[in-house]
Amino acid sequence: MINLESTKPMLVLIAGPYLSGTNGDPEKIAANKARLESLALPIYQRGHLPMVGEWLVQPVIHAAGGQGYDEVFKEYQYPIARRLLQRCDAVLRIAGESKGADLDVAYAQELGLPIYFDVSELPMCISSQDGGKA
């Protein structure tokens, strides 16, 4: 049985296609990013803190001299995702083929984190910290 309420906000990684299926096309990458980010507000409205891994990856890659989705990106992308998952409380895996998202889910399962496949599956957070206005 799924617990429909939580008293503590979860940090929820949104995992899904980012580069997958784009062949490096910037418009397709932007569309995938927008799809990931479109779930941030609904997660927040359920009382949780949303996270997209690329929000953390991009500044590190730029600081390391990376230019877009080059070898520097590949060097940092998955290690950062693994570190992030060690801080997350759950993963929301959205539909679509993605090697990276599948790796995220597998590692999250190793960590014992719950995996959700729809925002509606996330428990509502009842927190006194925000006055119940999540």
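So, contacts first: of the contacts in this protein with a separation of 6 or more, 67% are between residues 24 or more positions apart. Contact here means heavy atoms within 4.5 Å. Before I go on, the housekeeping. This is a predicted model, where local features need pLDDT of at least 70, side-chain atom pairs count only at pLDDT 80 or more, and totals for chains, interfaces and linings use all residues. Residues are numbered from 1 along each chain as its sequence is written, and side-chain values use heavy atoms, with hydrogens and water left out.

Thr 7 and Cys 125 are 118 residues apart along the chain, and their C-alpha atoms are separated by 5.4 Å. Thr 7 is in the loop between strand 1 (5–6) and strand 2, and it's exposed, at 67% relative accessible area. My cut-offs: buried is under 20% relative accessible area, exposed is over 50%, and partly exposed is in between, with a 1.4 Å probe and protein chains only. The other pair is Leu 103 and Ala 15, 88 residues apart along the chain with 9.5 Å between their C-alpha atoms. Leu 103 is in helix 5 and comes out partly exposed, at 41%.

Zooming out, the protein has five helices and six strands. These are DSSP runs numbered from the N terminus, helices being H or I with at least four residues and strands being E with at least two. Along the sequence you read β-β-α-α-β-α-α-β-α-β-β. Of the 134 residues, 43% count as buried.

Now the helix packing. In general, you describe two packed helices by the angle between their axes and the distance between the axes. Helix 4 (residues 71–85) and helix 5 (residues 99–110) pack at about 35°, axes 10 Å apart. The axes are lines fitted to C-alpha atoms, for helices over the stretch in contact, and the angles run from 0 to 180 degrees between N-to-C directions. On the helix 4 side the contact uses Tyr 78, Ala 81, Arg 82 and Leu 85, while helix 5 brings Lys 99, Gly 100, Leu 103, Asp 104, Tyr 107 and Ala 108. By class that contact is six nonpolar, one polar and three charged. For the classes, Ala, Val, Leu, Ile, Met, Phe, Trp, Tyr, Cys and Pro are nonpolar, Asp, Glu, Lys and Arg are charged, and the others, Gly among them, are polar.

Next, the largest pocket, with a volume of about 310 Å³. On a 1 Å grid over the protein atoms alone, a pocket is an open set of points where a 1.4 Å probe fits, with protein on both sides within 12 Å along at least five of seven lines, and lining residues have an atom within 4 Å of a point. The volume is the space filled by probe spheres set on the points, which are joined across faces, edges and corners. Which element gives the largest share of the lining? Helix 4, with five residues. There are 22 lining residues, and Tyr 18, Glu 54, Gln 77, Gly 100 and Ala 101 lie nearest the centre. By class, the lining has 13 nonpolar, six polar and three charged residues.

Let's stay on Gln 77, which lies in helix 4. Buried or exposed? Gln 77 is buried, at 13%. Leaving aside neighbours within four places in sequence, Gln 77 is in contact with Glu 54 and Val 57.

Last one: Asn 23 has a positive phi of about 50°, although it isn't a glycine. You'll find Asn 23 in the loop between strand 2 and helix 1 (26–37), exposed at 81%.
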